Amino acid sequence: MIIPEKSRFLIYSISIFVCYFLFGIVQEKITRGRYGDEPNEDGKKGERFTYVLALVWVQCFCNFVFAKGMLWAKRAKKEDQTHTGYYAVSALTYLLAMVSSNMALRWVPYPTQVVGKSAKPIPVMILGVLLSHKSYSWVRYACVTSIVVGVVLFMYKESQIAHLPKETTGLGEILLFLSLAMDGLTGAVQERMRASSAPSGQQMMLAMNFWSTIMVSFAAILSGEAKEFFHFASRHPELWSHLAMLAFCGALGQLFIFLMVANFGPLACSVVTTTRKFFTVLCSVVLFGNVLIPRQWFGAILVFAALFFDMFYGKGSDKKAAAAAKKSEGDLAEDKKKLIS
């Protein structure tokens, strides 16, 4: 049965919303919660989970296994003709984005990380224009500008991090900026993939997570984090159930992300993945007691209002802009022919 394009877009979007809503809750539980009852020097009980590379490895490996199982069940006959270099580069940038984003949680609260990552369409758009020669409408540029303003309003804070040492107060923001830059490179490479070989969502998921798993394995082993992670997990076995839930939600969510990229492109995917974060912020505020001041609420509302407007009007405007650009190129080529003749 062939599902209409709009229905597929809606199905993929809702699936991404649900999977990553649950994913965000479990992720905050792991990275900002405490395990055990042992007293610490700061007077609090329990150990903090700080093994970012191990956390990323679990996600990448489970995503790889999940994609392998999907392709085996599907028994797809079409072979993936995508150049290996595309997958290796996109896996590296994807990993750097994920590691930077997870590390930022050590210095910024989860709502700040979520809304900071809401700027993802900005580098995707900029690098799409520079590297993939994409064209966008003024509506989309206006939406992106609104996103920038909203993110700045949300990220700027006077006293929320006064309890941290001065030399660490900018680390979280720097890591978020690095993560956004890597997101943009990943989107540009994925756009090249779509143009050159059009791999399926499952094929992209399999290959990217294969390379990601290998890269993270080397990093975790060489840094000694793999050994420390297993010691931590042996002391706190309840961690495994949290990781299992995280891996399941992440694998299912990433499948729909790659289906979205394969069918609608990386910019559409980045817009969809960003809109769901508003609900993650609300959940984080309610469940974990993260407090937002009025200015931050205004910034968050501005970000997500622009994103929703982009969802409804940006795509149609981009098609018109692309058609106009194509027509002007055709007219220019025709003029050249006339001059030559």
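The largest nonpolar core of this predicted model has 52 residues. Those with the most contacts inside this core are Ile 16, Ile 30, Phe 49, Val 56, Phe 229, Leu 239 and Met 260. A nonpolar core is a set of buried Ala, Val, Leu, Ile, Met, Phe, Trp, Tyr and Cys residues joined through side-chain atoms within 4.5 Å. Buried means under 20% relative accessible area, exposed means over 50%, and partly exposed lies in between (1.4 Å probe, protein chains only).

The model is predicted: local features need pLDDT of at least 70, side-chain atom pairs count only at pLDDT 80 or more, and totals for chains, interfaces and linings use all residues. Residues are numbered from 1 along each chain as its sequence is written, and side-chain values use heavy atoms, with hydrogens and water left out.

- A second, separate core has 18 residues, including Ala 119, Val 124, Val 151 and Leu 307.

**The whole protein**

- The protein has 13 helices and 2 strands. Helices (H or I, at least four residues) and strands (E, at least two) are DSSP runs, numbered from the N terminus.
- Of the 341 residues in the protein, 48% are buried.
- The protein exposes about 17600 Å², and carbon and sulfur atoms supply 68% of this area. Accessible areas come from the Shrake-Rupley method with a 1.4 Å probe; for residues, only the protein chains shown count as cover.
- Take the contacts between residues at least 6 apart in sequence: 84% of them join residues at least 24 apart. Contact means heavy atoms within 4.5 Å.

- Leave aside neighbours within four places in sequence, and Ile 16 is in contact with Phe 21, Gly 253, Phe 256, Ile 257, Met 260, Val 272 and Thr 273.
- Val 56 is in helix 2. Val 56 is buried, with a relative accessible area of 0%.
- Beyond its neighbours within four places in sequence, Val 56 is in contact with Leu 95, Met 98, Val 99, Asn 102 and Val 216.
- The C-alpha atoms of Val 56 and Ala 220 are separated by 9.8 Å, though the two residues are 164 residues apart along the chain.
- Ser 179 sits in helix 7. Ser 179 counts as buried, at 0% relative accessibility.
- With neighbours within four places in sequence set aside, Ser 179 is in contact with Ala 97, Ser 100, Ser 101 and Lys 117.

**Aromatic rings**

- The count comes to 13 aromatic pairs. Rings of Phe, Tyr and Trp (its six-membered ring) pair if their centres lie within 6.5 Å; planes under 30 degrees apart count as stacked, over 60 as edge-to-face and the rest as tilted.
- The rings of Tyr 12 and Phe 256 have centres 6.3 Å apart and planes at 50°, so this pair is tilted.
- Tyr 12 lies in helix 1 and Phe 256 in helix 10 (residues 238-264), so the pair ties together parts that are 244 residues apart in sequence.
- Tyr 12 is buried at 11% relative accessible area, and Phe 256 is buried at 17%.
- One aromatic cluster is formed by Tyr 35, Phe 49, Tyr 51, Phe 229, Phe 230, Phe 232 and Trp 240.

**The salt bridge**

- The whole structure has 1 salt bridge. A salt bridge is a side-chain nitrogen of Lys or Arg within 4 Å of a carboxyl oxygen of Asp or Glu.
- The side chains of Arg 235 and Glu 47 meet in a salt bridge, at 2.9 Å from N to O.
- Arg 235 lies in helix 9 and Glu 47 in strand 2 (residues 45-48), so the pair ties together parts that are 188 residues apart in sequence.
- Arg 235 counts as partly exposed at 45% relative accessibility, and Glu 47 is partly exposed at 23%.

**The surface and a loop**

- Leu 10, Ile 14, Val 18, Leu 22 and Met 245 form a nonpolar patch on the surface, with about 430 Å² of accessible area together. Patches are made of residues with over 30% relative accessible area and no salt bridge: like charges are joined within 9 Å, nonpolar side chains (Val, Leu, Ile, Met, Phe, Trp, Tyr) within 5 Å.
- Helix 1 (residues 5-32) gives the largest share of the patch, 4 residues.
- Ala 198 lies in the loop between helix 7 and helix 8. Its phi is near 50°, a positive value in a residue other than glycine.
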